[in-house]
Amino acid sequence: FTIIRNAIDLERYAFDNKKRKALRERYGLQDKFVVGNIGRMTTVKNQKFLFPILHLLAKKEDAILFLIGDGSEIDTLKETARQYEVTDRVIFAGNVGTEVCQYYSIFDCLAFPSRFEGLSMVLVEAQANGLPIIASDLLSDEHKISNNFTFLPITESDENYFVWAKSIIGCKNG
């Protein structure tokens with residue numbers, strides 16, 4: 001027998017400049033640096049970790065945090081955005097269903113601070129798209145399929161938020 005680990009349709013998730021332009025126009029993101037995250041809005045996915053990072057990014061970049069998904073923590077996340085004064089820089093897109101494959105193309109970087117994952121299909125799909133990824137170092141090495149992948153700690157500290165922000169900006173600069 002042969003083991004095929006979470007195979008996906010590469011054509012479906014491949015970068016598409018037409019989809020990028022159309023979706024960026026729909027959301028008014030033409031000239032923005034878009035940091036994406038896809039997942040349930042729950043404590044384990046740790047999207048809350050991204051708000052102090054966005055606060056730092058906003059000082060140097062016209063950055064937007066684009067969140068896809070829904071879940072029990074959505075109100076908490078909206079409140080956290082208010083606390084960090086980045087409400088105008090966050091898009092809560094909700095559940096986009098089977099259209100999610102198109103959304104990878106509007107991101108400039110995928111930020112994934114999850115506290116735990118089995119083998120994340122989001123990370124597999126994002127790598128199929130060619131996205132640079134900054135992810136929690138608590139995830140297994142199996143997640144890294146491409147060289148466009150960086151593991152960083154998710155310790156909550158000003159120093160660590162700065163490291164994440166610097167790495168995300170590095171995605172913009174190639």
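Mentor: What follows is a set of questions and answers on a predicted model.

Trainee: Which element gives the most residues to the largest nonpolar core?

Mentor: The largest nonpolar core has 27 residues, and Phe51, Ile53, Leu57, Leu65, Val90, Trp164 and Ile168 touch the most other members. Two or more residues come from each of strand E1 (33–38), helix H3 (50–57), strand E2 (63–68), helix H4 (74–83), strand E4 (109–112) and helix H7 (158–172). With 6 residues, the element that gives the most is H7.

Trainee: How many of the residues of H3 are buried?

Mentor: The buried residues in H3 are Leu50, Phe51, Pro52, Ile53, Leu54 and Leu57. Their cover includes E1, E2, H4, E3, E4 and H7. H3 is therefore described as mostly covered, the cut-off for buried being under 20% relative accessible area. Of its 8 residues, the number buried is 6.

Trainee: Which residues does Leu57 contact, leaving aside neighbours within four places in sequence?

Mentor: Leu57 is one of the buried residues of H3, and it is among the core members that touch the most others. Beyond four places in sequence, its contacts are Val35, Ala63, Ala165, Ile168 and Ile169.

Trainee: Is Ile168 buried or exposed?

Mentor: Ile168 is placed in helix H7. Leaving aside neighbours within four places, it is in contact with Phe33, Val35, Ile53, Leu57, Cys109, Ala111 and Ile134. Because its relative accessibility is 1%, Ile168 counts as buried.

Trainee: What is the C-alpha to C-alpha separation of Ile168 and Phe1?

Mentor: In sequence, Ile168 and Phe1 are 167 residues apart. In space, C-alpha to C-alpha, they are separated by 40 Å.

Trainee: Which element gives the most residues to the lining of the largest cavity?

Mentor: The count of cavities of 30 Å³ or more comes to 1, and the largest cavity holds about 40 Å³ of space. Its lining consists of Val35, Leu50, Ile53, Leu54, Leu57, Leu65, Ala111 and Ile168. By class these are 8 nonpolar residues, with no polar and no charged ones. With 4 residues, the element that gives the most to this lining is H3.

Trainee: Where is Phe49, and what is its relative accessible area?

Mentor: Phe49 lies in the loop between E1 and H3. Not counting residues up to four places away in sequence, Phe49 touches Pro113, Pro153, Ile154, Thr155, Glu156, Asn160, Tyr161 and Trp164. Phe49 is buried, and its relative accessible area is 1%.

Trainee: What separates the C-alpha atoms of Phe49 and Tyr13?

Mentor: Along the chain, Phe49 and Tyr13 are 36 residues apart. Their C-alpha atoms are separated by 26 Å.

Trainee: Which residue's backbone oxygen lies 2.9 Å from a polar side-chain atom of Arg89?

Mentor: Arg89 sits in the loop between H4 and strand E3 (90–94). With a relative accessible area of 18%, Arg89 is buried. Outside four places in sequence, its contacts are Leu54, Ala58, Glu61, Asp62, Ala63, Ile64 and Leu65. The backbone oxygen at 2.9 Å belongs to Ala63.

Trainee: What is the phi of Asn46?

Mentor: Asn46 lies in the loop between E1 and H3, and at 4% relative accessibility it counts as buried. Asn46 is not a glycine, yet its phi is positive, at about 65°.

Trainee: Is Glu85 buried or exposed?

Mentor: Glu85 is found in the loop between H4 and E3. Its phi is positive, near 55°, in a residue other than glycine. Exposed means over 50% relative accessible area. At 65% relative accessibility, Glu85 therefore counts as exposed.

Definitions and conventions. Residues are numbered from 1 along each chain as its sequence is written. This is a predicted model: local features need pLDDT of at least 70, side-chain atom pairs count only at pLDDT 80 or more; totals for chains, interfaces and linings use all residues. Side-chain values use heavy atoms; hydrogens and water are left out. A nonpolar core is a set of buried Ala, Val, Leu, Ile, Met, Phe, Trp, Tyr and Cys residues joined through side-chain atoms within 4.5 Å. Buried means under 20% relative accessible area, exposed over 50%, partly exposed in between (1.4 Å probe, protein chains only). Contact means heavy atoms within 4.5 Å. On a 1 Å grid over the protein atoms alone, a cavity is a set of points where a 1.4 Å probe fits but cannot get out, and a pocket is an open set with protein on both sides within 12 Å along at least five of seven lines; lining residues have an atom within 4 Å of a point. Grid points are joined across faces, edges and corners, and a volume is the space filled by probe spheres set on the points. Ala, Val, Leu, Ile, Met, Phe, Trp, Tyr, Cys and Pro count as nonpolar, Asp, Glu, Lys and Arg as charged, and the others, Gly among them, as polar. A polar contact is a pair of N or O atoms within 3.5 Å; within protein, one must be able to donate a hydrogen and the other to accept it, and residues adjacent in sequence count only if both atoms are side-chain atoms.
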